Amino acid sequence: MKRISLADDLSFSRFIHGFWRLADWNYSNEQTLELIDYSLENGITTFDHADIYGSYTCESLFGKTLSLKPSIREQIEVVTKCGIVLPSKNRPENKSHHYNTSKEHIISSVDQSLTNLQTEYIDVLLIHRPDPFMNPEEVAEAFHLLKKNGKVRYFGVSNFKEHQFNMLQSYVDEDLITNQIEVSAYQLENFEDGTINNCIKNRISPMIWSPLAGGKVFTDTNSKAVRLRQTLEKIANEIEAQTIDIVLYAWLLKHPGNFMPIIGTGKTERIDQAVRSLDYTLSLDQWFEIYQASLGHDVP
Ligand code: NAP
């Protein structure tokens with residue numbers, strides 16, 4: 001699988017495997033290991049986490065799986081996030097849902113993630129969401145210390161709009177190497193508000209979350225979902241693709257912004273569809289047909 005360079009000594013697989021839903025899959029550690037092995041066999045080496053996934057349980061489940069086969073660690077890139085605080089029975093000290101991007105919180109969150117993931121370093125740490133209370137000097141200090149101590153190799157953000165990205169970058173010495181954002185044929189907001197343009201301007205490849213709209217595109221009954229499904233099915237027929245998953249991924253891969261879609265499933269047959277999409281190229285007409293089906297009207 002093609003790899004995307006994010007820094008001189010860091011590249012990601014074009015497809016990333018996301019573990020947000022790991023706790024819902026109800027897999028044993030052995031089954032999770034089989035899933036990770038399946039991704040690796042298909043060239044997917046980058047794995048996405050956050051401290052809060054599965055109400056603070058997914059990182060540990062992944063870490064326990066890694067401990068079954070520690071040699072895997074050197075073959076993969078681990079991404080995790082911090083900055084959201086959630087009330088949870090697993091964190092009784094958390095009183096309310098809020099953001100915390102203080103130096104102290106970022107450092108303690110990384111220490112906890114390292115323990116949970118049973119690893120000595122995180123390849124890329126992302127600030128999960130823009131924080132209205134963010135003190136960028138503190139974030140910069142935290143990043144500097146984490147890099148100096150060898151706990152985190154690189155840093156980025158998630159869900160940051162242009163002004164939020166550029167503000168934080170102006171304080172942080174290291175380059176922010178990615179922005180993890182929601183993009184799909186169903187969710188066009190980041191095309192329209194300058195977020196994708198800003199990634200291109202900064203020469204960074206965005207990580208794309210919910211590339212299949214979290215499944216909504218397959219199941220929702222609203223007019224947008226129905227319209228989009230019909231168009232995707234028509235184009236799947238035209239390109240002789242087995243499923244509309246392939247068309248959804250091929251639509252993202254065609255974009256010149258070097259998108260890195262994060263696969264959200266725990267099912268190997270669906271990972272297979274993602275990997276197969278690399279063999280399909282949509283025409284520009286087909287790309288815009290999908291864009292317009294999502295918009296619900298022609299482009300101006
Ligand atoms: P997604 O691929 O858009 O959605 C996955 C969901 O779609 C699963 O529930 C899956 O069900 C379902 N699905 C897939 N193919 C389907 C089909 N053919 N028919 C019906 N349902 C289908 O991705 P996501 O899980 O929403 O997000 C991917 C990753 O992005 C996450 O794991 C996480 O790492 C990251 N993420 C980041 C943020 C952020 O704020 N930074 C937010 C959300 C997610 P099955 O499980 O049954 O396959």
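I started with the second largest pocket: 14 residues line it, and Tyr56, Arg91, Glu93, His105 and Ser109 lie nearest its centre. Pocket here means an open set of points on a 1 Å grid over the protein atoms alone, where a 1.4 Å probe fits, with protein on both sides within 12 Å along at least five of seven lines; lining residues have an atom within 4 Å of a point. Strand E6 (84–85) and helix H5 (103–117) are the elements that give this lining two or more residues, and H5 has the largest share with six.

A note on the model: it is predicted, so I kept in mind that local features need pLDDT of at least 70 and side-chain atom pairs pLDDT 80 or more, while totals for chains, interfaces and linings use all residues. Numbering runs from 1 along each chain as its sequence is written, and side-chain values use heavy atoms, without hydrogens and water.

Next I looked up where the ligand is: it sits in the largest pocket (more than half of its atoms lie within 2 Å of the grid points). I get about 660 Å³ of space there. Of its 30 lining residues, Trp20, Arg21, Ser210, Gly214 and Gly264 are the closest to the centre.

Then I checked polar contacts (pairs of N or O atoms within 3.5 Å). The Asp48 side chain has an N or O atom 2.6 Å from a ligand oxygen. A backbone N or O atom of Gly214 is 2.8 Å from a ligand oxygen, and for a polar backbone atom of Ala213 I have 3.3 Å. Alone, the ligand exposes 910 Å², of which the protein buries 87% (Shrake-Rupley, 1.4 Å probe).

Methods: Polar contact = N/O pair within 3.5 Å; in protein donor to acceptor, adjacent residues only side chain to side chain. Points joined across faces, edges and corners; volume = space filled by probe spheres on them. Helix = DSSP H or I, 4+ residues; strand = E, 2+ residues; numbered from the N terminus.
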